[in-house]
2 protein chains.
Amino acid sequence: MTSALLTDRYELTMVEAALRAGTAHRDSVFEVFARRLPEGRRYGIVAGTGRFLAELSRFRFGDAELAWLSDERIVDAATIDWLADYRFSGDVSGYAEGEVYLPGSPLLVVESSFAEGVLLETLALSVFNYDSAVAGAAARMVSAADGRPLAEMGSRRTGERSAVAAARAAYIAGFDATSNLEAGRTWGVPTMGTAAHAFTLLHDSEEDAFRAQVATLGPGTTLLVDTYDIPTAVRTAVEVAGTGLGAVRIDSGDLPSLVGQVRRQLDDLGATGTRITVTNDLDEYTIAALRAAPVDSYGVGTSVVSGSGHPAAGMVFKLVARRDDAGEWVSVAKKSADKASVGGRKAPVRVLSDGVATTELIRVGDEQAAEHERPLLVPLVRGGGVDERFLGHEGVARARAHRIEAVAELPAGAFRLGRGEPVIPTVYR
Amino acid sequence: MTSALLTDRYELTMVEAALRAGTAHRDSVFEVFARRLPEGRRYGIVAGTGRFLAELSRFRFGDAELAWLSDERIVDAATIDWLADYRFSGDVSGYAEGEVYLPGSPLLVVESSFAEGVLLETLALSVFNYDSAVAGAAARMVSAADGRPLAEMGSRRTGERSAVAAARAAYIAGFDATSNLEAGRTWGVPTMGTAAHAFTLLHDSEEDAFRAQVATLGPGTTLLVDTYDIPTAVRTAVEVAGTGLGAVRIDSGDLPSLVGQVRRQLDDLGATGTRITVTNDLDEYTIAALRAAPVDSYGVGTSVVSGSGHPAAGMVFKLVARRDDAGEWVSVAKKSADKASVGGRKAPVRVLSDGVATTELIRVGDEQAAEHERPLLVPLVRGGGVDERFLGHEGVARARAHRIEAVAELPAGAFRLGRGEPVIPTVYR
């Protein structure tokens with residue numbers, strides 16, 4: 001399925017007007033960045049790169065799209081012809097997926113003609129704004145869980161295709177699994193899940209339901225114990241599955257006290273190895289509040305797929321430089337109130353002191369990184385050809401590994417859950 | 001593209017266990033409803049029905065999906081065989097798309113075998129939770145705009161496929177247009193848009209940019225006037241396009257005062273018919289705050305596509321009745337703390353007094369509606385066959401028209417923006 005119409009109409013009308021004005025082919029540099037982090041957050045995690053690159057490969061105007069654009073008179077015939085031949089032929093660099101970002105970090109840099117690049121604006125922002133919103137929230141939950149595993153279970157709380165992206169972004173940010181099958185297939189995210197309340201209600205008794213589940217999924221399965229009365233269900237669960245029962249899941253109630261009671265009951269029944277997983281409207285704060293409770297794993301839904309209060313990462317896609325008719329590069333920037341941008345091509349580095357990040361240094365121009373500076377831009381596309389290492393399962397695995405390294409450089413203050421300022425300052429030079 | 005893996009793994013493991021237990025084919029009734037409205041909201045708008053029905057038609061496990069499920073050992077061979085033949089053959093009823101809903105309203109009712117119905121849970125909730133979150137927020141913005149036209153421009157602030165759904169949902173809720181081209185093609189939503197700041201920055205001067213745009217799109221176009229200095233741009237815009245300039249767009253700054261200044265300047269320049277459109281991070285509150293300003297239309301982005309603070313509508317999909325082995329219907333409901341549900345098949349009506357809604361009356365059972373009661377369930381699918389009037393462009397147009405009628409029945413208190421209780425009570429009988 002083509003991604004070419006996942007685009008705002010004005011991208012195409014700009015191409016039309018620029019083609020007619022003779023400015024469409026001016027070499028241009030566009031940048032994706034966030035003016036600020038979601039309120040109170042201390043760092044962000046780049047997610048979406050691999051998805052954007054995959055969509056870029058599919059960004060073609062086929063006959064059906066062209067016919068519709070023509071019938072609706074969205075653009076003129078000359079523009080239709082140009083769109084029919086559209087293949088992105090430029091370069092794209094960016095922060096590695098999984099990288100930490102801060103306000104102003106140029107996390108994607110598109111270098112192409114104006115027309116080739118501007119068409120990608122909406123799609124690039126849709127992908128990065130959503131995926132990075134999820135990853136930024138997920139990273140905080142991972143910190144709050146303090147080493148205990150997290151599963152993403154929020155597919156039902158976001159658009160059905162966004163759900164796949166959310167599972168992928170949460171996994172990159174350190175979640176361990178997802179309930180979403182398509183995310184398993186397309187992106188290699190481990191999938192999990194056993195049964196919902198409906199399965200218990202389908203059967204004539206809770207015991208029947210547990211027997212049916214254990215008969216099929218084995219005693220190592222996870223039994224959901226809060227459909228009726230939790231202590232009764234826990235007793236039934238151990239009777240049915242034996243003390244080798246894998247886990248019980250609690251999806252309602254006052255978790256800090258419930259979890260302790262269930263743990264004691266399981267231990268009293270001899271099911272000392274049975275784990276407890278909780279899934280009741282968790283977010284980073286309620287996860288942290290359960291640190292003292294004997295929880296073994298968490299399932300998180302709404303809050304992770306909706307960015308825990310910040311469902312879009314606030315990124316923008318801006319023209320920062322273009323050539324004039326004499327072939328000279330001109331840095332450009334708008335001056336709008338509260339929305340000014342910094343013109344010019346950027347060379348961002350993370351400055352480190354004893355391995356700890358101290359500054360997001362964004363040099364305007366093409367300077368070399370100095371010692372103790374980690375260059376942040378990675379080539380992703382050259383001459384229209386996408387580097388395949390960033391695609392598919394491999395790209396996800398690479399991003400998940402990169403996040404661990406990037407986050408490990410952050411000062412300890414980065415991981416406080418309370419509202420604060422970005423953990424290191426952004427400096428332009 | 002199949003929708004069958006846009007599903008939580010546990011839907012499939014429940015089918016597997018129920019097939020083995022001999023309970024998979026029990027006739028069942030599932031219901032989609034919201035336990036509560038987003039905090040402080042007074043009513044909700046059903047959106048997503050037409051999208052869900054389209055996805056239901058594509059819900060097939062093809063060879064690629066089956067091979068992956070088998071390779072990953074998600075379910076056993078018998079279940080793979082059953083999935084290979086899966087076609088939904090049951091009935092679906094629901095609130096008409098565009099209908100008002102309240103806490104507990106059974107806005108989708110799925111009647112089928114347990115296995116056929118349970119597989120649809122995740123997909124149904126993804127669609128209704130997102131689309132209705134957008135529609136609910138959009139409806140408030142429509143009230144706040146008090147008759148002035150609204151355009152949805154938030155594609156870049158949500159996942160790229162959710163963006164198409166958001167444009168559709170906002171249109172159903174009363175928006176007039178979208179920037180999203182795919183929403184125009186797939187759903188018949190009118191599209192709009194002319195140029196971004198990048199177009200101005202591409203050119204050697206703002207005047208060059210305006211000339212290029214007017215040369216292509218005509219003087220009736222909308223010129224963006226806040227790239228550098230607004231008064232200068234407004235003067236240039238009228239010089240370039242003449243007093244017949246269609247509109248100017250302002251995307252930054254303190255709108256209530258700016259809009260008045262720009263109106264006076266346009267009038268002084270003789271461009272008395274030139275409209276003013278504003279697009280700076282609007283939500284229902286800032287739209288309402290501009291009521292006294294000479295704004296002609298609004299463009300709304302982030303807040304509408306993210307449900308204005310409530311990105312998921314909080315709907316759930318619950319088994320409410322099923323047959324036992326003797327063929328008798330059994331009402332079922334879980335008793336979990338704070339998450340109890342009401343068992344049994346429902347017959348919901350809206351009780352009206354002099355044409356004004358007074359109660360959401362949900363009869364448990366199959367009773368007939370009395371006088372002054374509007375029945376709310378509409379047949380959508382019969383024996384697996386989708387009623388095509390609810391699909392595609394026709395379905396969207398129908399939903400948009402239905403919303404107007406449904407909202408017209410609400411008491412005036414429904415349209416207050418401040419936080420409040422649901423505008424009419426939900427009563428079970």
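Helices (H or I, at least four residues) and strands (E, at least two) are DSSP runs, numbered from the N terminus. The model is predicted, so that local features need pLDDT of at least 70 and side-chain atom pairs count only at pLDDT 80 or more, while totals for chains, interfaces and linings use all residues. Residues are numbered from 1 along each chain as its sequence is written, and chains are lettered from A in the order in which they are written.

**View 1. Chain A comes to 15 helices and 19 strands.** The C-alpha trace of chain A spans about 80 × 55 × 35 Å along its principal axes. Of its 429 residues, 64% count as buried, that is, under 20% relative accessible area with a 1.4 Å probe, protein chains only.

**View 2. Helix 1 (residues 9-21) and helix 4 (residues 77-84) of chain B cross at roughly 110 degrees, with axes that come within 10 Å.** Helix 1 of chain B is therefore roughly perpendicular to helix 4 of chain B, a term that covers angles of 65 to 115 degrees. In this contact (heavy atoms within 4.5 Å), helix 1 of chain B contributes B:Leu12, B:Val15, B:Glu16 and B:Leu19, and helix 4 of chain B contributes B:Thr79, B:Trp82 and B:Leu83.

**View 3. Chain B can be laid on chain A by a turn of 180 degrees and a shift of 0.0 Å along the axis, with an RMSD of 0.0 Å.** The two copies are thus related as by a two-fold rotation axis, where superposition is by least squares on the C-alpha atoms of residues with pLDDT of at least 70 in both. The same surface serves both copies, since 100% of the contact residues of chain B recur in chain A.

Key:
Side-chain values use heavy atoms; hydrogens and water are left out. Axes are lines fitted to C-alpha atoms, for helices over the stretch in contact, and angles run from 0 to 180 degrees between N-to-C directions. Angles under 35 degrees count as roughly parallel, over 145 as roughly antiparallel, 65 to 115 as roughly perpendicular and the rest as oblique. Buried means under 20% relative accessible area, exposed over 50%, partly exposed in between (1.4 Å probe, protein chains only).
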